[in-house]
Amino acid sequence: MSILEVIIGLEVHAQMNTKTKMFCGCDNDAFGKAPNTTVCPICMGHPGTLPVPNKEAIAKALRSSLAIGCTIPPDCHFDRKHYFYPDLPAGFQISQYDFPLSKAGSVEYDLADSSGKVTGTRVCRITRLHMENDAGKLTHRYGKTLCDYNRAGTPLMEIVTEPDLRSSEEAVAFAQELRRILISVGSSEADMFKGMMRFDASISLREKGTEKLNPRSEIKNLNSFKSLEKALQYEEKRLRDLWDEAGGPLPHDITVGWMDDEEKTRLLRTKETADDYRYFPEPDIPPLHFDAAAVETIRLSLPPLPRDEKKKVLTLGLTDAEAQQLNDSALLRSLFDAVYGKTKDAKRASSIVITQLQGFLHAHEKTLEEGPGTEDLVSLIEAIDAGTISGNKAKEVLETMVETGKKPSAIISEGGMQQISDSGAIEALVVKAIAANPKAIESYRNGKTAALGAIVGWVMKETRGQAQPEKVQEILLRRIG
Ligand code: ZN
Ligand code: MN
(Lines give C-alpha, C1' and ligand atoms only; values in the text may rest on other atoms or scores of the structure.)
(Ligands and ions follow the chains in the order given, each with its own letter.)
Protein backbone atom coordinates (compact mmCIF):
# COMPACT_ATOMS: atom_id res chain seq x y z
CA MET A 1 0.00 0.00 0.00
CA SER A 2 1.22 3.46 -0.85
CA ILE A 3 1.72 6.19 1.69
CA LEU A 4 -0.66 9.11 1.35
CA GLU A 5 0.36 12.69 1.85
CA VAL A 6 -1.96 15.55 2.82
CA ILE A 7 -2.00 18.68 0.69
CA ILE A 8 -3.54 21.80 2.20
CA GLY A 9 -3.97 25.33 0.92
CA LEU A 10 -5.75 28.23 2.60
CA GLU A 11 -7.81 31.22 1.61
CA VAL A 12 -7.78 33.74 4.39
CA HIS A 13 -10.17 36.66 4.65
CA ALA A 14 -9.04 39.42 6.99
CA GLN A 15 -11.09 42.52 7.73
CA MET A 16 -9.12 45.72 7.44
CA ASN A 17 -9.30 48.16 10.34
CA THR A 18 -10.08 51.26 8.28
CA LYS A 19 -12.24 54.15 9.50
CA THR A 20 -14.75 53.72 6.70
CA LYS A 21 -15.92 50.90 4.45
CA MET A 22 -14.29 49.76 1.18
CA PHE A 23 -16.34 51.86 -1.25
CA CYS A 24 -18.43 54.27 0.83
CA GLY A 25 -18.15 56.58 3.84
CA CYS A 26 -20.02 54.34 6.31
CA ASP A 27 -18.46 53.64 9.71
CA ASN A 28 -16.39 50.46 9.40
CA ASP A 29 -16.67 49.66 13.10
CA ALA A 30 -20.12 48.12 13.27
CA PHE A 31 -19.38 45.72 16.11
CA GLY A 32 -22.09 45.92 18.79
CA LYS A 33 -24.10 48.49 16.82
CA ALA A 34 -27.84 48.03 16.18
CA PRO A 35 -28.50 46.07 12.95
CA ASN A 36 -28.62 48.05 9.70
CA THR A 37 -27.48 51.35 11.24
CA THR A 38 -24.09 51.68 9.50
CA VAL A 39 -25.36 51.39 5.94
CA CYS A 40 -25.95 53.73 2.98
CA PRO A 41 -27.25 53.41 -0.60
CA ILE A 42 -23.73 52.54 -1.84
CA CYS A 43 -23.05 49.57 0.45
CA MET A 44 -26.69 48.52 0.03
CA GLY A 45 -26.06 48.31 -3.73
CA HIS A 46 -28.81 50.71 -4.76
CA PRO A 47 -28.97 51.45 -8.50
CA GLY A 48 -27.36 54.71 -9.54
CA THR A 49 -24.80 54.82 -6.73
CA LEU A 50 -21.06 54.90 -7.40
CA PRO A 51 -18.44 53.06 -5.34
CA VAL A 52 -15.24 55.00 -4.49
CA PRO A 53 -12.21 52.92 -3.39
CA ASN A 54 -10.96 53.66 0.12
CA LYS A 55 -7.37 54.99 0.00
CA GLU A 56 -6.64 53.85 3.54
CA ALA A 57 -7.74 50.30 2.64
CA ILE A 58 -5.52 50.24 -0.43
CA ALA A 59 -2.54 51.52 1.62
CA LYS A 60 -3.10 48.87 4.29
CA ALA A 61 -3.48 46.09 1.71
CA LEU A 62 -0.20 47.24 0.12
CA ARG A 63 1.57 47.14 3.50
CA SER A 64 0.22 43.64 4.13
CA SER A 65 1.27 42.50 0.65
CA LEU A 66 4.84 43.65 1.16
CA ALA A 67 5.04 42.14 4.65
CA ILE A 68 4.17 38.72 3.20
CA GLY A 69 6.78 39.15 0.49
CA CYS A 70 4.41 39.75 -2.41
CA THR A 71 5.24 41.69 -5.56
CA ILE A 72 3.02 44.65 -6.46
CA PRO A 73 2.37 44.75 -10.20
CA PRO A 74 2.11 48.30 -11.59
CA ASP A 75 -1.57 47.83 -12.52
CA CYS A 76 -4.57 46.17 -11.01
CA HIS A 77 -8.32 46.56 -11.18
CA PHE A 78 -11.52 45.48 -9.47
CA ASP A 79 -13.95 42.91 -10.86
CA ARG A 80 -17.53 42.03 -10.18
CA LYS A 81 -18.09 38.52 -8.87
CA HIS A 82 -21.71 37.54 -9.28
CA TYR A 83 -23.74 35.26 -7.11
CA PHE A 84 -27.08 35.43 -5.43
CA TYR A 85 -27.38 35.30 -1.68
CA PRO A 86 -29.50 37.44 0.65
CA ASP A 87 -26.41 38.80 2.44
CA LEU A 88 -25.18 40.38 -0.82
CA PRO A 89 -27.52 43.27 -1.63
CA ALA A 90 -25.90 44.30 -4.96
CA GLY A 91 -26.07 40.77 -6.38
CA PHE A 92 -22.30 40.87 -6.90
CA GLN A 93 -19.21 41.31 -4.79
CA ILE A 94 -16.56 43.81 -5.85
CA SER A 95 -13.40 41.73 -5.79
CA GLN A 96 -10.26 41.31 -7.86
CA TYR A 97 -9.88 38.43 -10.30
CA ASP A 98 -7.18 38.26 -12.95
CA PHE A 99 -5.21 41.36 -11.88
CA PRO A 100 -4.95 41.21 -8.09
CA LEU A 101 -3.21 43.82 -5.95
CA SER A 102 -0.19 41.59 -5.33
CA LYS A 103 1.28 38.17 -6.11
CA ALA A 104 3.93 35.58 -5.32
CA GLY A 105 5.00 36.04 -1.71
CA SER A 106 5.99 33.70 1.09
CA VAL A 107 5.65 33.45 4.86
CA GLU A 108 8.14 31.73 7.14
CA TYR A 109 6.69 30.28 10.33
CA ASP A 110 7.64 28.09 13.27
CA LEU A 111 6.11 24.81 14.38
CA ALA A 112 6.00 24.26 18.12
CA ASP A 113 5.14 21.43 20.49
CA SER A 114 2.45 21.74 23.16
CA SER A 115 4.87 23.43 25.57
CA GLY A 116 5.63 26.09 22.99
CA LYS A 117 9.09 24.78 22.19
CA VAL A 118 9.95 25.35 18.54
CA THR A 119 10.35 22.06 16.69
CA GLY A 120 10.83 23.27 13.13
CA THR A 121 10.56 26.06 10.59
CA ARG A 122 8.48 26.01 7.42
CA VAL A 123 7.74 28.27 4.48
CA CYS A 124 4.34 28.66 2.84
CA ARG A 125 4.22 30.41 -0.52
CA ILE A 126 1.52 33.05 -1.05
CA THR A 127 -0.28 33.01 -4.40
CA ARG A 128 -1.89 36.43 -4.12
CA LEU A 129 -3.49 39.08 -1.98
CA HIS A 130 -6.51 40.92 -3.30
CA MET A 131 -9.03 43.41 -1.98
CA GLU A 132 -12.78 42.96 -1.88
CA ASN A 133 -15.81 43.97 0.16
CA ASP A 134 -17.52 41.81 2.75
CA ALA A 135 -21.15 40.69 2.67
CA GLY A 136 -23.76 41.27 5.38
CA LYS A 137 -24.57 38.87 8.16
CA LEU A 138 -27.49 36.47 8.28
CA THR A 139 -28.93 35.12 11.51
CA HIS A 140 -31.18 32.09 11.27
CA ARG A 141 -33.57 31.99 14.19
CA TYR A 142 -37.08 30.62 14.92
CA GLY A 143 -37.45 29.47 11.32
CA LYS A 144 -36.73 32.97 10.05
CA THR A 145 -33.64 34.63 8.60
CA LEU A 146 -32.64 38.07 9.85
CA CYS A 147 -30.41 40.26 7.65
CA ASP A 148 -27.92 42.74 9.11
CA TYR A 149 -26.04 44.73 6.46
CA ASN A 150 -23.72 46.63 8.85
CA ARG A 151 -20.82 44.41 7.72
CA ALA A 152 -21.71 44.75 4.03
CA GLY A 153 -18.95 46.76 2.35
CA THR A 154 -16.32 46.17 5.03
CA PRO A 155 -12.87 46.08 3.37
CA LEU A 156 -11.36 42.60 3.20
CA MET A 157 -8.00 41.27 2.18
CA GLU A 158 -8.21 37.80 0.69
CA ILE A 159 -4.90 36.02 0.97
CA VAL A 160 -4.52 32.79 -1.00
CA THR A 161 -1.72 30.33 -0.36
CA GLU A 162 -0.10 27.73 -2.57
CA PRO A 163 -0.90 24.14 -1.51
CA ASP A 164 2.26 24.06 0.63
CA LEU A 165 0.82 22.98 3.98
CA ARG A 166 1.21 19.30 4.88
CA SER A 167 -0.82 18.93 8.09
CA SER A 168 -3.47 20.64 10.18
CA GLU A 169 -0.70 21.71 12.60
CA GLU A 170 1.13 23.46 9.78
CA ALA A 171 -2.07 25.14 8.61
CA VAL A 172 -2.76 26.52 12.09
CA ALA A 173 0.84 27.60 12.72
CA PHE A 174 0.93 29.38 9.36
CA ALA A 175 -2.44 31.08 9.97
CA GLN A 176 -1.27 32.28 13.37
CA GLU A 177 1.92 33.73 11.90
CA LEU A 178 -0.07 35.45 9.16
CA ARG A 179 -2.32 36.95 11.82
CA ARG A 180 0.70 38.31 13.71
CA ILE A 181 2.03 39.89 10.51
CA LEU A 182 -1.27 41.60 9.67
CA ILE A 183 -1.52 42.96 13.21
CA SER A 184 2.10 44.13 13.17
CA VAL A 185 1.68 46.19 9.99
CA GLY A 186 -1.53 47.66 11.41
CA SER A 187 -3.86 46.51 8.62
CA SER A 188 -6.22 44.36 10.67
CA GLU A 189 -7.12 43.80 14.31
CA ALA A 190 -7.62 40.15 13.26
CA ASP A 191 -9.82 39.64 16.32
CA MET A 192 -10.98 36.04 16.02
CA PHE A 193 -13.88 36.51 18.44
CA LYS A 194 -15.27 39.27 16.24
CA GLY A 195 -14.89 37.16 13.09
CA MET A 196 -12.26 39.51 11.66
CA MET A 197 -10.22 36.62 10.28
CA ARG A 198 -11.88 33.66 8.56
CA PHE A 199 -10.52 30.68 6.69
CA ASP A 200 -11.49 28.43 3.81
CA ALA A 201 -9.23 25.39 3.65
CA SER A 202 -8.69 23.11 0.64
CA ILE A 203 -7.51 19.61 1.35
CA SER A 204 -6.64 16.67 -0.86
CA LEU A 205 -4.55 13.52 -0.66
CA ARG A 206 -1.98 12.09 -3.02
CA GLU A 207 0.47 9.23 -3.04
CA LYS A 208 3.76 10.35 -1.62
CA GLY A 209 6.32 10.89 -4.35
CA THR A 210 3.73 11.95 -6.94
CA GLU A 211 3.41 15.57 -8.06
CA LYS A 212 -0.12 15.82 -9.43
CA LEU A 213 -2.75 17.58 -7.32
CA ASN A 214 -5.94 15.56 -6.95
CA PRO A 215 -9.47 16.98 -6.71
CA ARG A 216 -9.90 18.67 -3.39
CA SER A 217 -12.45 19.29 -0.72
CA GLU A 218 -12.87 22.95 0.15
CA ILE A 219 -14.01 23.53 3.71
CA LYS A 220 -15.95 26.76 4.23
CA ASN A 221 -16.81 28.75 7.35
CA LEU A 222 -13.79 28.30 9.61
CA ASN A 223 -13.79 31.16 12.10
CA SER A 224 -11.21 30.07 14.64
CA PHE A 225 -7.87 28.29 14.78
CA LYS A 226 -9.59 25.51 16.71
CA SER A 227 -12.18 24.91 13.98
CA LEU A 228 -9.49 25.17 11.29
CA GLU A 229 -7.54 22.43 13.03
CA LYS A 230 -10.52 20.20 13.83
CA ALA A 231 -12.10 20.57 10.39
CA LEU A 232 -8.86 19.64 8.63
CA GLN A 233 -8.34 16.63 10.89
CA TYR A 234 -11.92 15.50 10.31
CA GLU A 235 -11.77 15.96 6.55
CA GLU A 236 -8.36 14.27 6.28
CA LYS A 237 -9.73 11.17 7.98
CA ARG A 238 -12.83 11.22 5.80
CA LEU A 239 -10.76 11.51 2.62
CA ARG A 240 -8.48 8.67 3.77
CA ASP A 241 -11.50 6.43 4.37
CA LEU A 242 -12.91 7.34 0.96
CA TRP A 243 -9.53 6.58 -0.62
CA ASP A 244 -9.52 3.14 1.02
CA GLU A 245 -13.05 2.44 -0.25
CA ALA A 246 -12.63 3.78 -3.79
CA GLY A 247 -8.94 3.07 -4.20
CA GLY A 248 -8.21 6.68 -5.09
CA PRO A 249 -8.95 10.37 -4.67
CA LEU A 250 -12.24 12.28 -4.98
CA PRO A 251 -13.58 12.19 -8.57
CA HIS A 252 -14.05 16.00 -8.62
CA ASP A 253 -13.78 19.09 -6.40
CA ILE A 254 -16.36 19.47 -3.69
CA THR A 255 -17.31 22.21 -1.25
CA VAL A 256 -18.20 21.27 2.31
CA GLY A 257 -19.26 23.30 5.33
CA TRP A 258 -17.88 22.84 8.84
CA MET A 259 -20.55 22.34 11.48
CA ASP A 260 -18.96 23.69 14.65
CA ASP A 261 -21.51 22.11 17.01
CA GLU A 262 -21.47 18.64 15.46
CA GLU A 263 -17.74 18.81 14.67
CA LYS A 264 -18.19 17.40 11.21
CA THR A 265 -18.31 18.57 7.60
CA ARG A 266 -21.38 18.48 5.38
CA LEU A 267 -21.48 18.54 1.57
CA LEU A 268 -22.66 21.95 0.34
CA ARG A 269 -22.15 21.60 -3.39
CA THR A 270 -19.88 20.30 -6.07
CA LYS A 271 -17.58 23.25 -6.54
CA GLU A 272 -18.53 26.10 -8.83
CA THR A 273 -15.91 27.25 -11.30
CA ALA A 274 -14.83 30.81 -12.07
CA ASP A 275 -17.19 30.77 -15.09
CA ASP A 276 -20.16 30.42 -12.77
CA TYR A 277 -19.37 33.77 -11.14
CA ARG A 278 -19.38 35.66 -14.44
CA TYR A 279 -16.47 37.83 -13.43
CA PHE A 280 -16.03 41.03 -15.41
CA PRO A 281 -14.09 44.25 -14.77
CA GLU A 282 -15.93 46.64 -12.45
CA PRO A 283 -17.04 49.41 -14.84
CA ASP A 284 -17.53 52.02 -12.10
CA ILE A 285 -13.98 51.98 -10.72
CA PRO A 286 -10.94 52.97 -12.80
CA PRO A 287 -7.89 50.65 -12.67
CA LEU A 288 -5.28 51.37 -9.99
CA HIS A 289 -1.64 52.18 -10.75
CA PHE A 290 1.34 51.99 -8.42
CA ASP A 291 4.77 53.27 -9.26
CA ALA A 292 7.81 51.45 -7.98
CA ALA A 293 9.13 54.41 -5.96
CA ALA A 294 5.89 54.73 -3.99
CA VAL A 295 5.94 50.99 -3.27
CA GLU A 296 9.55 51.26 -2.04
CA THR A 297 8.55 54.08 0.32
CA ILE A 298 5.88 51.85 1.84
CA ARG A 299 8.32 48.96 2.14
CA LEU A 300 10.76 51.14 4.08
CA SER A 301 8.02 52.20 6.51
CA LEU A 302 7.20 48.61 7.53
CA PRO A 303 8.00 47.43 11.07
CA PRO A 304 10.24 44.36 11.55
CA LEU A 305 8.50 41.04 10.99
CA PRO A 306 7.07 39.48 14.17
CA ARG A 307 9.42 36.48 13.77
CA ASP A 308 12.45 38.76 13.74
CA GLU A 309 11.14 40.54 16.84
CA LYS A 310 10.71 37.14 18.49
CA LYS A 311 14.29 36.19 17.65
CA LYS A 312 15.44 39.42 19.32
CA VAL A 313 13.56 38.55 22.52
CA LEU A 314 15.00 35.03 22.42
CA THR A 315 18.52 36.45 22.54
CA LEU A 316 17.64 37.89 25.98
CA GLY A 317 17.49 34.31 27.24
CA LEU A 318 13.74 33.74 27.36
CA THR A 319 12.14 30.43 26.37
CA ASP A 320 10.38 29.95 23.01
CA ALA A 321 7.02 29.97 24.78
CA GLU A 322 7.78 33.21 26.65
CA ALA A 323 9.08 34.90 23.51
CA GLN A 324 5.98 33.79 21.61
CA GLN A 325 3.67 35.20 24.28
CA LEU A 326 5.42 38.57 24.07
CA ASN A 327 5.21 38.30 20.29
CA ASP A 328 1.47 37.71 20.42
CA SER A 329 0.43 40.63 22.57
CA ALA A 330 1.64 44.18 22.06
CA LEU A 331 0.41 45.12 25.54
CA LEU A 332 2.21 42.25 27.25
CA ARG A 333 5.31 43.20 25.27
CA SER A 334 5.13 46.84 26.41
CA LEU A 335 4.70 45.80 30.06
CA PHE A 336 7.66 43.45 29.72
CA ASP A 337 9.77 46.14 28.03
CA ALA A 338 9.02 48.59 30.86
CA VAL A 339 9.98 46.12 33.59
CA TYR A 340 13.00 44.90 31.64
CA GLY A 341 14.07 48.50 31.07
CA LYS A 342 14.05 49.01 34.82
CA THR A 343 15.59 45.70 35.92
CA LYS A 344 17.86 44.90 32.93
CA ASP A 345 17.10 41.32 33.92
CA ALA A 346 14.99 39.44 31.34
CA LYS A 347 14.37 36.38 33.54
CA ARG A 348 13.15 38.56 36.38
CA ALA A 349 11.01 40.72 34.07
CA SER A 350 9.52 37.57 32.57
CA SER A 351 8.80 36.10 36.00
CA ILE A 352 6.97 39.25 37.10
CA VAL A 353 5.10 40.06 33.88
CA ILE A 354 4.58 36.75 32.10
CA THR A 355 4.23 34.42 35.08
CA GLN A 356 3.06 36.39 38.12
CA LEU A 357 1.01 39.19 36.55
CA GLN A 358 -0.73 36.92 34.05
CA GLY A 359 -1.30 34.30 36.75
CA PHE A 360 -3.03 36.81 39.03
CA LEU A 361 -5.07 38.22 36.15
CA HIS A 362 -6.20 34.72 35.28
CA ALA A 363 -7.06 33.92 38.91
CA HIS A 364 -9.15 37.09 39.19
CA GLU A 365 -10.70 36.62 35.74
CA LYS A 366 -9.36 39.87 34.40
CA THR A 367 -7.87 40.77 31.04
CA LEU A 368 -4.44 42.28 30.54
CA GLU A 369 -6.15 45.58 29.66
CA GLU A 370 -7.85 45.61 33.08
CA GLY A 371 -4.59 45.00 34.92
CA PRO A 372 -1.93 47.43 36.16
CA GLY A 373 -0.14 49.62 33.60
CA THR A 374 3.57 50.08 32.99
CA GLU A 375 3.89 52.95 35.49
CA ASP A 376 2.49 50.93 38.40
CA LEU A 377 4.65 47.91 37.53
CA VAL A 378 7.74 50.09 37.44
CA SER A 379 6.89 51.61 40.87
CA LEU A 380 6.52 48.09 42.23
CA ILE A 381 10.00 47.21 40.96
CA GLU A 382 11.36 50.41 42.52
CA ALA A 383 9.82 49.48 45.88
CA ILE A 384 11.51 46.05 45.76
CA ASP A 385 14.88 47.41 44.64
CA ALA A 386 14.85 50.17 47.26
CA GLY A 387 14.31 47.50 49.93
CA THR A 388 10.91 48.94 50.89
CA ILE A 389 9.28 45.53 50.44
CA SER A 390 10.64 42.02 50.11
CA GLY A 391 10.32 40.00 46.93
CA ASN A 392 7.76 37.80 48.65
CA LYS A 393 5.63 40.74 49.78
CA ALA A 394 5.90 42.12 46.25
CA LYS A 395 3.85 39.16 45.00
CA GLU A 396 1.10 40.05 47.49
CA VAL A 397 1.26 43.68 46.41
CA LEU A 398 1.03 42.69 42.74
CA GLU A 399 -2.00 40.52 43.39
CA THR A 400 -3.70 43.37 45.27
CA MET A 401 -2.84 45.72 42.39
CA VAL A 402 -4.62 43.32 40.03
CA GLU A 403 -7.58 42.92 42.39
CA THR A 404 -8.16 46.54 43.36
CA GLY A 405 -6.40 48.63 40.73
CA LYS A 406 -4.67 50.58 43.54
CA LYS A 407 -1.16 51.99 43.27
CA PRO A 408 1.61 49.86 44.83
CA SER A 409 2.64 52.68 47.22
CA ALA A 410 -0.91 52.88 48.60
CA ILE A 411 -1.14 49.10 49.02
CA ILE A 412 2.22 48.94 50.81
CA SER A 413 1.47 51.73 53.29
CA GLU A 414 -2.16 50.71 53.91
CA GLY A 415 -1.10 47.11 54.52
CA GLY A 416 1.89 48.08 56.66
CA MET A 417 4.01 45.93 54.38
CA GLN A 418 7.21 47.94 54.55
CA GLN A 419 10.22 45.81 55.11
CA ILE A 420 12.00 46.22 58.46
CA SER A 421 15.49 47.30 57.48
CA ASP A 422 16.23 49.53 60.45
CA SER A 423 19.36 48.08 62.11
CA GLY A 424 18.24 48.84 65.67
CA ALA A 425 14.93 47.06 65.21
CA ILE A 426 16.57 44.04 63.60
CA GLU A 427 19.27 43.93 66.30
CA ALA A 428 16.53 43.65 68.96
CA LEU A 429 14.83 40.89 66.96
CA VAL A 430 18.06 38.95 66.61
CA VAL A 431 18.70 39.14 70.36
CA LYS A 432 15.20 37.72 70.90
CA ALA A 433 15.83 35.00 68.32
CA ILE A 434 19.07 33.88 69.96
CA ALA A 435 17.34 33.61 73.31
CA ALA A 436 14.43 31.67 71.87
CA ASN A 437 16.51 29.15 69.88
CA PRO A 438 19.26 27.82 72.13
CA LYS A 439 19.35 24.43 70.38
CA ALA A 440 19.86 25.94 66.93
CA ILE A 441 22.59 28.22 68.26
CA GLU A 442 24.33 25.23 69.79
CA SER A 443 24.26 23.16 66.62
CA TYR A 444 25.51 26.14 64.62
CA ARG A 445 28.46 26.47 67.00
CA ASN A 446 29.06 22.73 66.59
CA GLY A 447 29.57 23.32 62.88
CA LYS A 448 26.04 22.83 61.53
CA THR A 449 25.84 25.98 59.39
CA ALA A 450 22.36 25.05 58.17
CA ALA A 451 21.04 25.89 61.64
CA LEU A 452 21.56 29.54 60.79
CA GLY A 453 18.69 29.35 58.33
CA ALA A 454 16.32 28.18 61.04
CA ILE A 455 17.12 31.23 63.16
CA VAL A 456 16.70 33.66 60.27
CA GLY A 457 13.42 31.85 59.50
CA TRP A 458 12.28 32.41 63.09
CA VAL A 459 12.82 36.18 62.69
CA MET A 460 11.00 36.22 59.35
CA LYS A 461 8.06 34.37 60.89
CA GLU A 462 8.01 36.70 63.88
CA THR A 463 7.86 39.72 61.56
CA ARG A 464 5.43 38.12 59.08
CA GLY A 465 8.12 38.27 56.42
CA GLN A 466 8.86 41.95 56.78
CA ALA A 467 12.40 41.84 58.09
CA GLN A 468 15.09 42.16 55.46
CA PRO A 469 16.61 38.65 55.49
CA GLU A 470 20.11 39.71 54.38
CA LYS A 471 20.30 42.18 57.23
CA VAL A 472 19.05 39.64 59.78
CA GLN A 473 21.73 37.18 58.71
CA GLU A 474 24.45 39.82 58.81
CA ILE A 475 23.60 40.90 62.38
CA LEU A 476 23.10 37.33 63.53
CA LEU A 477 26.53 36.31 62.23
CA ARG A 478 28.15 39.27 63.95
CA ARG A 479 26.53 38.26 67.28
CA ILE A 480 27.19 34.49 67.25
CA GLY A 481 29.91 34.05 64.64
ZN1 ZN B 1 -22.21 52.60 3.07
MN1 MN C 1 -13.22 36.19 -1.11
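A: The manganese ion (ligand 2) is coordinated by H13 through NE2 and by E132 and E158 through OE, at 2.0 to 2.2 Å. Donors here are N, O and S atoms within 2.8 Å of the metal (3.2 Å for Na, K and Ca), and water is not among the atoms, so sites may look incomplete. Along the chain, the donors of the manganese ion follow the spacing H-x118-E-x25-E. H13 lies in strand 1 (residues 4-15) and E158 in strand 9 (residues 155-161), so this pair ties together parts that are 145 residues apart in sequence. Strands (E, at least two residues) and helices (H or I, at least four) are DSSP runs, numbered from the N terminus. H13 is buried, with a relative accessible area of 13%, and E158 is buried as well, at 8%. Buried means under 20% relative accessible area, exposed over 50%, and partly exposed in between, with a 1.4 Å probe and protein chains only.

This is a predicted model, in which local features need pLDDT of at least 70 and side-chain atom pairs count only at pLDDT 80 or more, while totals for chains, interfaces and linings use all residues. Residues are numbered from 1 along each chain as its sequence is written, chains are lettered from A and ligands numbered from 1 in the order in which they are written, and side-chain values use heavy atoms, with hydrogens and water left out.

The zinc ion (ligand 1) is coordinated by the SG atoms of C24, C26, C40 and C43, at 2.3 to 2.4 Å. The angles among its 4 donor atoms are 100 to 114°, and the site is tetrahedral (four donors with all angles between 85 and 135 degrees). The spacing of these donors along the chain is C-x1-C-x13-C-x2-C. C24 and C43 are both in the loop between strand 1 and helix 1 (55-67), 19 residues apart, and both are buried.

Helix 1 also packs against helix 5 (residues 292-300), at an angle of about 70° and with the axes 10 Å apart. Axes are lines fitted to C-alpha atoms, for helices over the stretch in contact, and angles run from 0 to 180 degrees between N-to-C directions. Helix 1 and helix 5 are therefore roughly perpendicular (65 to 115 degrees). L62, R63 and L66 of helix 1 meet V295, I298 and R299 of helix 5, where contact means heavy atoms within 4.5 Å.

Notes. Tetrahedral: all angles 85-135°; square planar, octahedral: opposite > 155°, others 65-115°. Parallel < 35°, antiparallel > 145°, perpendicular 65-115°, else oblique.
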